[in-house]
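Biologist: Can you take me through this model step by step? I would like to start with charges and rings.

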Amino acid sequence: MNRLTIVVPCYNEGRRLDAGGFTEITAASPDISLLFVNDGSSDDTEERLREIERMRPSQIGVLSLSKNVGKGEAVRRGMLSAFDDGPDAVGYYDADLSTPPSELLRMWDVLRERDIAVLLAARVGLLGTTIERHAFRHFSGRIFATFASMTLNLRVYDTQCGAKLFMASPALRAALEDPFVSRWAFDVELLGRLLTGTEHIAPLREEELQEIPLQAWVDVPGSKLHIGSMVKTTSELLLIAGDLARRARRRKRA
């Protein structure tokens, strides 16, 4: 397993894009490619992304969407596009580099070492780590994580960290075929689809999904998360639960 494509969704990120951080990732490993998805930005995001692309055109690409479709749909389209190049693994990663490049590279090493299908980063404030989160985001995140675990019937600590890697399997491709029913909680929905399977593809087993605690994570200023979006994200879990139940019934009937 040698090739990884990372999807980076971007919406009005022009002022926060750190070209050096992204070129650090590609310079560290010629096997890693980045696919930026410009989600209909109205600022100079497109121009900034094209500048970054020109720095390492063999490893960096840009997919531009004509209108804003939301982070989940931008990730979904980007990951489907990434499949076209036949990578061994695909993932997605927040444009603000809140998960440091060194941690993303460590995740890639872990995925290659272990016999798993999904690797999630977890923001756990342990002694010896540097996890810098605002109190609101931490405590609201713990509440959401509880409901997400109940929705998935899975002991998962952090569904919402924006760094995830997946083996480029038929199961993943099938899970990405349909648009998400949620706009904000798509991370939970994607995991749920993988654990549910389809009429023709078996679901992933719980042991094929793993989390690793991050050594560092920084709450970068300018986040679009606020109390309103957190409420919306949590309420979408009901939509996800209903959709997963329908998928499970279809699979049983097949």
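Biologist: Which ring does the charged end of Arg142 sit over?

Modeller: This is a predicted model. In it, the charged end of Arg142 sits over the ring of Tyr157, 3.7 Å from the ring centre.

Biologist: And what about Arg123, where is its charged end?

Modeller: The charged end of Arg123 is over the ring of Trp217, at 5.0 Å from the centre of that ring.

Biologist: Now rings with rings. How many aromatic pairs are there?

Modeller: The count is four aromatic pairs. One of them is Tyr92 with Phe166: the ring centres are 6.0 Å apart and the planes are at 25°. Planes under 30 degrees apart count as stacked, so Tyr92 and Phe166 are a stacked pair.

Biologist: Where in the chain do Tyr92 and Phe166 lie?

Modeller: Tyr92 is in strand S4, residues 89–93, and Phe166 is in strand S7, residues 163–167.

Biologist: Is Tyr92 buried or exposed?

Modeller: Tyr92 is buried, since its relative accessible area is 1% and the cut-off for buried is under 20%. Phe166 is buried too.

Biologist: How is the pair of Tyr92 and Phe186 arranged, and why does it get that label?

Modeller: The centres of the Tyr92 and Phe186 rings are 5.7 Å apart and their planes are at 45°, so this pair is tilted. Phe186 is in helix H7, residues 186–196, and is 94 residues away from Tyr92. With 2% relative accessibility, Phe186 counts as buried.

Biologist: Which residues end up in the ring cluster?

Modeller: Tyr92, Phe166, Phe180 and Phe186 are linked into a cluster by ring pairs.

Biologist: Change of topic. How many salt bridges does the structure hold?

Modeller: It holds 20 salt bridges. One of these joins the side chains of Arg50 and Glu46, at 2.9 Å from N to O.

Biologist: How do Arg50 and Glu46 sit relative to each other in the helix?

Modeller: They are four residues apart in helix H2, residues 45–55, so about one helical turn separates Arg50 from Glu46. Arg50 is partly exposed, with a relative accessible area of 27%. Glu46 is also partly exposed, at 22%.

Biologist: What does Glu51 pair with?

Modeller: Glu51 meets Arg48 in a salt bridge, 3.6 Å from N to O. Both lie in helix H2, three residues apart, which is about one turn of the helix. Glu51 is partly exposed, with 37% relative accessible area.

Biologist: And which residue does Asp178 form a salt bridge with?

Modeller: Asp178 pairs with Arg247, and their closest N and O atoms are 3.3 Å apart. This pair links distant parts of the chain: Asp178 is in the loop between helix H6 and H7, while Arg247 is in helix H8, residues 227–253, and 69 residues separate them.

Biologist: Are those two ends buried or exposed?

Modeller: Asp178 is partly exposed, with a relative accessible area of 37%. Arg247 counts as buried, at 9% relative accessibility.

Biologist: What else does Arg247 touch?

Modeller: Not counting residues up to four places away in sequence, Arg247 touches Asp178, Arg193 and Thr196. There is also a network of salt bridges that links Asp178, Asp243, Arg246 and Arg247.

Biologist: On to the nonpolar part. How many residues has the largest nonpolar core?

Modeller: The largest nonpolar core has 37 residues, and those with the most contacts inside it are Met79, Val118, Leu172, Leu190 and Leu194. Helix H3, residues 71–83, provides the largest share of this core, six residues.

Biologist: What is Leu172 in contact with?

Modeller: Leaving aside neighbours within four places in sequence, the contacts of Leu172 are Met79, Phe83, Val90, Phe166, Met167, Leu190 and Leu194. Another core lies apart from the largest one: it has 35 residues, among them Ala89, Tyr93, Ile116 and Leu165.

Biologist: Last one. What does UniProt list for residues 5–166?

Modeller: The UniProt entry, which is unreviewed, lists residues 5–166 as "domain: Glycosyltransferase 2-like". In the model, that stretch is 40% helix and 23% strand, with its end C-alpha atoms 10 Å apart.

Key: Residues numbered from 1 in each chain as written. Predicted model: local features only at pLDDT ≥ 70, side-chain atom pairs only at ≥ 80, totals over all residues. Heavy atoms only, no water. Phe/Tyr/Trp six-rings, centres within 6.5 Å; stacked < 30°, edge-to-face > 60°. Helix = DSSP H or I, 4+ residues; strand = E, 2+ residues; numbered from the N terminus. Buried < 20%, exposed > 50% of the residue type's maximum accessible area, 1.4 Å probe, protein only. Lys NZ or Arg CZ within 6 Å of the ring centre and 35° of its normal. UniProt positions renumbered as here; feature names shortened; annotations may be inferred. Salt bridge = Lys/Arg side-chain N within 4 Å of Asp/Glu carboxyl O. Core = buried A, V, L, I, M, F, W, Y, C linked by side-chain atoms within 4.5 Å. Contact = heavy atoms within 4.5 Å.
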